[in-house]
Amino acid sequence: ASMTAPRLPFLAARTCSAAAAFSSLSSSPLQCCPVKRTSATNTNSAPLLSASRPGAPAADGVGSADLNRLRASAMPVADSPLPTYTDPHELPRPLTGADLMESGGEGLKVAYQQGFPGAYSESAAKKAYPHCQTVPCEHFDTAFQAVENCTVDRAVLPLENTLGGSIHRNYDLLLRHELHIVGDVRLAVRHCLLANRGVKIGDLRSVMSHPQALAQCEHTLTELGIEQRQAVDDTAGAAKLVTEQMLQDTGAVASSLAAELYGLDILAENIQDEKENVTRFMMLAREPIVPQVDKPFKTSIVFPLEDWKPAQLLKALAVFALRDINLTKIESRPHKKRPFRVADDTFSTPVKYFNYLFYVDLEASMADPKTRKALGNLEEFAPFVRVLGSYPTDVSEV
């Protein structure tokens with residue numbers, strides 16, 4: 001009773017949610033203030049993984065990985081035992097009401113972006129939580145804020161597409177907001193050419209849709225003789241406009257669900273130029289889930305590099321190779337708080353290069369001790385490491 005227990009990273013930070021179990025960044029996600037790192041050995045708990053390195057200079061050669069007071073290391077190091085804590089506060093957090101809800105999402109309000117019902121994002125939300133109540137949002141940022149403010153329980157937002165690549169806006173918002181990825185879901189995007197009842201393909205002179213949908217169907221639309229394109233905010237909104245304005249010479253590229261909702265005919269199906277058109281969506285919540293090792297898990301992290309020595313990025317990523325942890329995705333984004341880094345003294349005039357944040361997906365669970373050790377080792381190269389989520393990955397057929 002006379003001892004002061006370390007503060008638990010899972011204790012509530014806001015009235016509507018528990019504090020970020022995987023992040024200890026203070027007022028700003030990019031603020032790198034010195035924070036002592038604590039970690040539990042319980043495999044069902046998620047350690048705190050956001051810390052900056054002490055200011056002491058690194059010794060030459062290979063250093064040891066002390067997870068409580070990390071020293072900079074010139075090379076990845078072998079695993080060292082994790083410290084053992086017996087403090088009862090380090091036990092896994094109690095289950096919340098959200099944990100006890102059905103996996104189908106009954107009772108959940110789930111936000112999605114793209115404005116109008118019938119959008120692909122709504123279909124992804126329904127695939128993730130079949131019995132949820134979907135809530136459309138005008139912008140991606142609105143969906144993030146809705147979860148943070150407890151207006152909704154979850155958000156399902158696109159992260160990458162097999163044709164268009166990454167949705168960079170959502171990568172940036174992940175770092176700005178204190179939410180956690182709790183799952184992902186893949187959705188096959190099958191574009192359809194829609195028009196009002198009685199309109200034929202030969203009657204169409206133009207087509208409207210989201211710019212990305214138009215780009216994905218460019219060649220097919222040209223073959224159908226439709227040369228004019230009109231870009232609008234979202235695919236379902238295009239279908240809605242065609243219906244409301246009773247357009248006879250303009251169609252929409254949207255989903256079959258949009259055709260059903262807005263009373264349009266489907267003139268052609270699967271009109272995307274590449275038939276394998278899949279979007280991966282992330283599921284966001286205010287609280288992280290308890291990671292496990294009994295199913296395929298993915299862990300998403302973000303980190304910058306501070307000391308840009310030769311092969312520094314290679315050395316940082318080697319902490320995963322040394323432990324046989326596979327990386328499935330690496331995405332670099334500008335470091336907006338520190339956009340430039342100065343090169344060494346090789347040149348007479350200092351050279352400024354762009355500075356980056358690195359988003360990495362691991363085929364690993366935070367419940368695996370080797371994953372925690374790898375991230376502890378990574379902290380020797382990075383001013384901070386933030387775990388965006390450790391979650392079961394979607395392995396179902398799209």
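How many bridges join β15 to β18? Hi everyone, let's start there: seven, and the two strands run antiparallel. Two strands count as paired if DSSP finds at least two bridges between them. Helices (H or I, at least four residues) and strands (E, at least two) are DSSP runs, numbered from the N terminus.

A quick word on the model. It is predicted, so local features need pLDDT of at least 70 and side-chain atom pairs count only at pLDDT 80 or more, while totals for chains, interfaces and linings use all residues. Residues are numbered from 1 along each chain as its sequence is written, and side-chain values use heavy atoms, with hydrogens and water left out.

Back to our pair. One of its bridges links Pro334 to Tyr356 in β18. Both strands belong to an open sheet of four, in the order β15-β18-β14-β19, with antiparallel pairing. At the edges sit β15 and β19, each pairing on one side only. Neighbouring strands are turned by 15° against each other on average, direction ignored. As for angles with direction, axes are lines fitted to C-alpha atoms, for helices over the stretch in contact, and angles run from 0 to 180 degrees between N-to-C directions.

Now the helices on this sheet. α10 (369-378) lies across β14, β18 and β19, and runs at about 5° to β14. Then there is α9, residues 312-321, whose buried residues are Gln312, Ala316, Leu317, Val319 and Phe320. Buried here means under 20% relative accessible area, exposed over 50%, and partly exposed in between (1.4 Å probe, protein chains only). Those five cover an arc of only 130° around the axis, which puts them on the same side of α9; the arc is that of the directions from the helix axis to the C-beta atoms. On the other side, Leu314 and Ala321 are exposed. The buried residues of α9 pack against β14, β15, β18 and α10, where contact means heavy atoms within 4.5 Å.

Next, β13 (278-285). Eight of its eight residues are buried. Both faces are covered: Val278, Arg280, Met282 and Leu284 lie on one side, and Thr279, Phe281, Met283 and Ala285 on the other. β5 (154-161) pairs with β13 in the antiparallel sense over six bridges, and Leu157 has Met282 as its bridge partner. Strand β7, residues 180-188, is joined to β13 by eight bridges, also running antiparallel; there, Arg186 partners Arg280.

Leu157 and Met282 come back in the largest nonpolar core, which has 26 residues; along with Phe144, Leu174 and Leu284, they touch the most other members. Such a core is a set of buried Ala, Val, Leu, Ile, Met, Phe, Trp, Tyr and Cys residues joined through side-chain atoms within 4.5 Å. The largest share, five residues, comes from α3. The core draws at least three residues from each of domain 1 (109-188) and domain 3 (291-392), with bounds from an automatic or database domain assignment. Leaving aside neighbours within four places in sequence, Leu174 is in contact with residues including Phe144, Ile181, Met282 and Leu388.

Ile167 is in the loop between β6 and α4. Not counting residues up to four places away in sequence, Ile167 touches Phe140, Pro158, Leu159, Glu160 and Asn161. Thanks, and I'm happy to take questions!
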